[in-house]
Amino acid sequence: MTLYVVFKGLDDGKFTLATMVPISQRASQQPASKIGFKAGDSIMLQDAILALTTKSANDIATAVAEFVSGTERNFADEMTRTAKNLGMTRTTFRNASGLPNSRQKTTAKDLITLGVA
């Protein structure tokens with residue numbers, strides 16, 4: 001869903017693949033798997049997408065979430081709203097990376113819905 005929201009933002013012209021995504025202190029401190037950027041660094045959105053798809057980089061997921069929505073919490077709320085709009089009725093997101101959170105949930109059926117979308 002993180003990538004789905006990013007691709008929607010690209011389609012809507014909110015940013016481009018060349019847009020630079022800043023790495024915050026919070027993003028730099030995410031647990032592995034991660035790329036290992038330091039706070040204050042930045043990454044081009046195109047490279048961030050590649051990092052998310054090939055490494056499931058938790059630091060990059062947080063940085064992208066903060067870039068798109070201001071905070072990872074706001075981004076998780078946006079992901080949940082997007083899920084509901086797609087018909088994913090049993091999904092709630094709490095972070096952009098998929099790291100464990102007892103209040104984050106989904107179902108196989110909902111993930112199929114996302115895959116089709």
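Visitor: What makes the residues of the lining of the largest pocket nonpolar, polar or charged?

Guide: The class follows from residue type: Ala, Val, Leu, Ile, Met, Phe, Trp, Tyr, Cys and Pro count as nonpolar, Asp, Glu, Lys and Arg as charged, and the others, Gly among them, as polar. On that scheme the lining divides into ten nonpolar, ten polar and one charged. The model is predicted, with pLDDT of at least 70 needed for local features and 80 or more for side-chain atom pairs, while totals for chains, interfaces and linings use all residues. Residues are numbered from 1 along each chain as its sequence is written, and side-chain values use heavy atoms, with hydrogens and water left out.

Visitor: Why is this called a pocket, and what is the volume of the largest one?

Guide: A pocket is an open set of points on a 1 Å grid over the protein atoms alone, where a 1.4 Å probe fits and protein lies on both sides within 12 Å along at least five of seven lines; lining residues have an atom within 4 Å of a point. The volume, meaning the space filled by probe spheres set on points joined across faces, edges and corners, is about 310 Å³ for the largest pocket. It has 21 lining residues, and those closest to its centre are Met-1, Thr-2, Ala-96, Ser-97 and Gly-98. At least two lining residues each come from α1 (2-11), α4 (58-69) and α6 (108-116), where helices are DSSP runs of H or I with at least four residues, strands are runs of E with at least two, and numbering starts from the N terminus.

Visitor: Which elements and classes of residue line the second largest pocket?

Guide: That pocket has a volume of about 180 Å³, and two or more lining residues come from each of α1 and α5 (72-86), with α5 giving the largest share, four residues. Its lining includes Lys-8, Asp-12, Lys-14, Glu-78 and Arg-81, and by class has two nonpolar, three polar and five charged residues.

Visitor: Why is α4 called largely enclosed?

Guide: Buried means under 20% relative accessible area, exposed over 50%, and partly exposed in between, with a 1.4 Å probe and protein chains only. Ten of the twelve residues of α4 are buried, so the helix is largely enclosed by the rest of the structure. Among these buried residues are Asn-58, Ile-60, Val-64 and Ser-69, and together the buried residues pack against α1, β1 (20-22), α2 (25-28), β2 (42-44), α3 (45-55) and α5.

Visitor: How do you know that the span of α4 agrees with its twelve residues?

Guide: The expected span is 1.5 Å times one less than the number of residues, and the twelve residues should therefore span 16 Å, which agrees with end C-alpha atoms 16 Å apart. Just after α4, Gly-70 takes a positive phi of about 90°.

Visitor: Why does Leu-86 count as partly exposed?

Guide: Leu-86, found in helix α5, has 26% relative accessibility, and therefore counts as partly exposed. Contact means heavy atoms within 4.5 Å, and, not counting residues up to four places away in sequence, Leu-86 touches Met-1, Tyr-4, Thr-113, Leu-114 and Ala-117. Leu-86 and Leu-114 are 28 residues apart in sequence, yet 7.2 Å apart in space, C-alpha to C-alpha.

Visitor: What makes the protein as compact as a globular protein of its length?

Guide: The protein has six helices and two strands, in the order α-β-α-β-α-α-α-α. Its radius of gyration is 14 Å, close to the 13 Å that the globule rule gives for 117 residues, so the protein is as compact as a globular protein of that length; the radius is taken over C-alpha atoms, and the rule is 2.2 Å times the number of residues to the power 0.38.
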